[in-house]
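Here's a quick tour of a protein model for someone new to reading structures. Have the picture open and follow along.

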Amino acid sequence: MEEYRRIADLFARRIADGRLRPGDRLPPQRVLARRHRIANSTAIRVYGELARRGLVVGEVGRGTFVRAAPPPPGAGLALAEPAGDAPVDLQLNYPVAEGQSELMARALAALARADVLGEQTSLPAAATGTAEARSAAARVLARPGWAPDPDRVLFAGNGRQAIAAALSALVPPGGALGIEALTYPLVKTVAERLGVRLVPIGLDGEGMRPDALAAAHRAGPLAAVYVQPTLHNPLSLTASPGRRAELADVLRESGLTAIEDTTWAFLVPDAPAPLAAHAPERVVLVDSLSKRLAPGLTVGHLVAPDAPMVQELARALRSGAWTAGGLALAAATRWAADGTVDALVAAKRADAAARHALMARHVGGYRIRTSPHAYYCWWELPAPWRAETFVAAAAERGIAQTPGPSFAVDGRGAGGGGRPVPGRGLARGAADAVRVGLASPPLPVLERALARLAELAERGPDGTGLPR
C-alpha cells in the first residue's frame with residue numbers, strides 16, 4: 001500500500017472511533033510530514049485523500065478540519081429526510097412573485113408582432129438605448145430625494161455587466177478598488193478578470209466606515225470604491241443619511257469616484273436617498289431589473305455623474321460586449337410604462353416580509369444579521385460550528401447555502417491590496433458564518449429547510465447537541 005494511503009487510513013480510523021471529532025483541526029502539513037517522516041508532497045497527498053473521502057475540509061488561511069459527521073443511526077429522521085426531488089437552494093436569490101409571468105406576458109404579447117420583433121432584433125441596442133428607454137429607466141430608478149437625469153442613463157445586459165463596465169471605466173488594470181470587507185462575491189470575480197486589486201474597507205453597523213475608506217486611500221491610493229449603502233449583501237445593513245453624507249465628504253476630499261450598487265434597494269420603501277444624491281458628481285450608480293422582474297430577461301442600468309463619464313461608460317459597455325439586447329430593453333421599457341415593474345416591486349416587498357418572518361420563527365434565536373426587507377440573512381453560527389462544516393452538513397441534508405468566507409475580501413494576492421484593513425469590524429467572523437438566501441424556494445419548502453437548519457445547528461457538528 002502506498003504510504004499516503006496508509007496514513008490516510010490511520011486518520012480515517014481515528015475519525016471513525018471518535019478520537020478525532022467533527023471540527024477538530026488536523027496538524028499543518030509540514031508538522032504531519034515531520035511526525036511521520038514523509039515528504040511534504042506526501043503529506044499533501046494524505047490530506048487530499050482524506051478530502052476525497054469526504055472526511056475533512058480545508059479552510060483557506062485556517063487549516064484542515066474534520067468534517068461534520070452524519071446524524072447517528074435512527075436519530076433526527078425528520079432532519080435527515082430528503083428535502084424533495086431536488087436540493088433546496090438557499091444560495092441563489094432570485095425572487096418570483098405569484099402571478100409574475102402573467103403580468104410580464106402582457107408586454108411581451110405586443111412585442112411578438114413580426115414587424116416589432118424584427119425591429120428589436122435586427123441590431124444590438126446602443127449603450128444609451130433610446131430616449132423612451134432612458135426616461136422609463138429614470139422613473140424606475142428614482143427614489144425619494146433623488147431622480148436621475150435620463151440623459152445620463154446607460155444600459156447593460158444585466159447588473160453584473162453594469163458593474164463590470166463601471167470597473168473597466170474607472171479602474172485601470174493593476175489599479176486598486178476599495179470595497180467593503182464583506183461584499184457581493186461576483187464583484188471579486190469580475191475584478192480578478194479585469195486585473196483589479198481589491199482593498200478591503202472596514203465595516204460597522206451602518207456599512208462602510210468613512211474613516212476606514214479615507215485611511216485606505218491615504219495608504220493607496222485607490223482608483224475607485226465599490227459600496228452597497230442599502231441592504232448590503234450579505235449583512236443587510238442600510239446606511240443612515242448621515243453616514244451617506246460622511247462618505248460623500250470623503251469622496252469629495254479624496255477625489256474618489258464610487259460605484260454605488262442599489263440592486264436590492266427597491267425592497268426598502270422608505271430607504272434614504274442614495275449616495276448619488278449626496279455626491280452626484282462623484283458616484284456611478286448601478287442597478288438592474290433581475291430582482292424586480294426575472295433573471296432570464298433583464299436589463300442592467302448605470303447612471304453616470306456627468307456627460308464625459310457617459311462617454312467613458314458607453315465605451316466600456318461596447319468594448320466588453322456588455323450592452324443590453326434590443327428585445328430585452330424594449331420589454332423592460334414597456335414593463336416600466338404599463339405598471340408591471342411597480343406591481344412586482346410591491347409584491348416582492350410583501351413576499352420578502354413573509355420570508356423574513358419564517359426566518360425569524362425558525363432561526364431568529366441565533367445571532368442573525370438581517371432586515372425585515374431583505375431576502376437573505378447573515379447567520380453567525382454557534383460554536384463549535386464553522387462555516388465549511390455547517391455548509392457540508394446541510395448539503396448532506398439537501399440544503400445549499402453560502403459559507404461566509406465567500407463574501408470576505410482578504411486583501412492578498414492577485415485580487416487584493418495586501419494591506420491591513422482599517423476597522424475590519426464585522427468581517428472578522430466570516431469563517432464562522434453563513435449567508436442564507438430566502439428568495440428562491442416556495443414558502444413551504446423554505447420553512448422546512450429553515451427548520452432543518454435550526455435543528456442541525458442545535459445538534460452540533462457531532463450530533464450530540466451544543467454545549468450549554
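In helix α8, Ala-165, Ala-166, Ser-168, Ala-169 and Leu-170 meet Met-309, Glu-312, Leu-313, Ala-316 and Leu-317 in α13, where contact means heavy atoms within 4.5 Å. Keep in mind that this is a predicted model: local features need pLDDT of at least 70, side-chain atom pairs count only at pLDDT 80 or more, and totals for chains, interfaces and linings use all residues. Residues are numbered from 1 along each chain as its sequence is written, and side-chain values use heavy atoms, leaving out hydrogens and water.

**Helices**

- Two packed helices are described by the angle between their axes and the distance between the axes.
- For α8 (residues 159-170) and α13 (residues 307-319), that angle is about 115° and the axes are 8 Å apart. Axes here are lines fitted to C-alpha atoms, for helices over the stretch in contact, and angles run from 0 to 180 degrees between N-to-C directions.
- Helices (H or I, at least four residues) and strands (E, at least two) are DSSP runs, numbered from the N terminus.
- Several residues of α15 are buried, among them Leu-344, Val-345, Leu-358 and Met-359. Buried means under 20% relative accessible area, exposed over 50%, and partly exposed in between (1.4 Å probe, protein chains only).

**The sheet**

- Strands of a sheet pair through backbone hydrogen bonds, either parallel or antiparallel.
- Here, seven strands make an open sheet with mixed pairing, in the order β4-β12-β11-β10-β9-β5-β6. Two strands pair if DSSP finds at least two bridges between them.
- β4 (153-156) and β6 (197-201) sit at the edges with a single partner strand each, so one side of each has no neighbour in the sheet.
- From one strand to the next, the twist averages 25°.
- Strand β5 (residues 176-180) runs parallel to β6, and five bridges join them. Glu-180 stands opposite Ile-201 in β6.
- Helix α7 (residues 131-141) packs on the sheet, touching β4, β11 (283-288) and β12 (300-303), and its direction makes about 95° with that of β4.

**Salt bridges**

- Side chains of opposite charge can pair when their charged atoms come close.
- The whole structure has 19 salt bridges, each being a side-chain nitrogen of Lys or Arg within 4 Å of a carboxyl oxygen of Asp or Glu.
- Glu-281 and Arg-252 form one of them, at 3.0 Å from N to O. This pair links distant parts of the chain, 29 residues apart: Glu-281 is in the loop between α12 (275-278) and β11, while Arg-252 is in helix α11 (residues 241-254).
- Glu-281 counts as partly exposed at 36% relative accessibility, and Arg-252 counts as partly exposed at 39%.
- Glu-380 pairs with Arg-367, their closest N and O atoms being 3.0 Å apart. Glu-380 is in strand β14 (residues 376-380) and Arg-367 in strand β13 (residues 367-369), 13 residues apart.
- In that pair, is Glu-380 buried or exposed? Glu-380 counts as buried at 17% relative accessibility, whereas Arg-367 is exposed at 59%.
- Arg-459 and Glu-455 also form a salt bridge, with closest N and O atoms 3.3 Å apart. They are four residues apart in helix α17 (residues 443-459), so about one helical turn separates them.
- Asp-9, Glu-49 and Arg-53 are linked in a network of salt bridges.
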